[in-house]
Amino acid sequence: MTKVLIAEDNAVNRELLRELLEARGYTVTEACDGQEALRMIEEIHPDMLLLDIGMPVLDGFAVARKIRENPSLAALPILAITAYAMQGDRENVLNSGFDGYLSKPVNARALADELERLLGKRKDRTHLPIK
Ligand code: MN
């Protein structure tokens, strides 16, 4: 069972991501802002974090920074899900503690490929996604 935490403040986007992930066999938990995301990470120990950039309380950049400051979370893959699709932002995101980047609207195939790429890179291969 591969656990994915979705941190996204928009309910419609959260639901869409949940459907795409559950259709691929992932177990999904949701957080509505950055602070809730950090709390859920401690609680459920997800294998992967889908992190929206624009969120209230703590934005995605702040969440990624806090995760990377915590040695016990250093291996948690973080995939940015963002509307910041302007040129240059991709590099900015990838230099800010994120492992991958998808722009909205999220393409189902691209999401699946990124999850498999990031989960497959981990040392612990006992949690590969169920297809
Ligand atoms: Mn948002």
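Hi everyone, and thanks for coming. Residues are numbered from 1 along each chain as its sequence is written. The model is predicted, so local features need pLDDT of at least 70 and side-chain atom pairs count only at pLDDT 80 or more, while totals for chains, interfaces and linings use all residues, and side-chain values use heavy atoms, with hydrogens and water left out.

Let's start with the layout. The chain has 5 helices and 5 strands; helices (H or I, at least four residues) and strands (E, at least two) are DSSP runs, numbered from the N terminus. Reading from the N terminus, the elements go β-α-β-α-β-α-β-α-β-α.

Now the pairs. β1 and β2 run parallel and are joined by 5 bridges, with Ile6 standing opposite Glu30 in β2.

β3 and β4 pair in the parallel sense over 4 bridges, and Asp52 stands opposite Ile81 in β4. Between these strands the chain crosses through helix α3 (residues 60-69), and this β-α-β crossover is right-handed. Right-handed means that, with the strands pointing away from the viewer, the path from the first strand over the helix to the second runs clockwise.

Stay with β4 for a moment. Is this strand enclosed or open? 5 of the 5 residues of β4 are buried, so it is largely enclosed by the rest of the structure. Buried means under 20% relative accessible area, exposed over 50%, and partly exposed in between (1.4 Å probe, protein chains only). In a regular strand the side chains alternate between the two faces of the sheet. In β4 both faces are covered: Ile78, Ala80 and Thr82 are buried on one side, and Leu79 and Ile81 on the other.

On to the inside. Across the chain of 131 residues, 47% are buried. The largest nonpolar core has 25 residues, and Ile41, Leu49, Leu51, Ile67 and Phe98 touch the most other members. A nonpolar core is a set of buried Ala, Val, Leu, Ile, Met, Phe, Trp, Tyr and Cys residues joined through side-chain atoms within 4.5 Å. At least two residues of this core come from each of β1, α2, β3, α3 and β4. Apart from it lies another core, of 16 residues, including Tyr26 and Leu115.

Leu5 and Met40 are 35 residues apart in sequence, yet 7.9 Å apart in space, C-alpha to C-alpha.

Next, the metal. Which residues coordinate the manganese ion? They are Asp9 (OD), Asp52 (OD) and Gly54 (O), at 2.1 Å. Asp9 lies in the loop between β1 (3-7) and α1 (11-23) and Asp52 in strand β3 (residues 48-52), 43 residues apart, so the pair links distant parts of the chain. Donors are N, O and S atoms within 2.8 Å of the metal (3.2 Å for Na, K and Ca); water is not among the atoms, so sites may look incomplete. Asp9 is partly exposed at 35% relative accessible area, whereas Asp52 is buried at 3%.

Most residues other than glycine have a negative phi, and most peptide bonds are trans. His45, in the loop between α2 and β3, has a positive phi of about 50°. The peptide bond from Lys104 to Pro105 is cis, with omega near -5°, and Pro105 is found in the loop between β5 and α5.

Key:
Two strands pair if DSSP finds at least two bridges between them.
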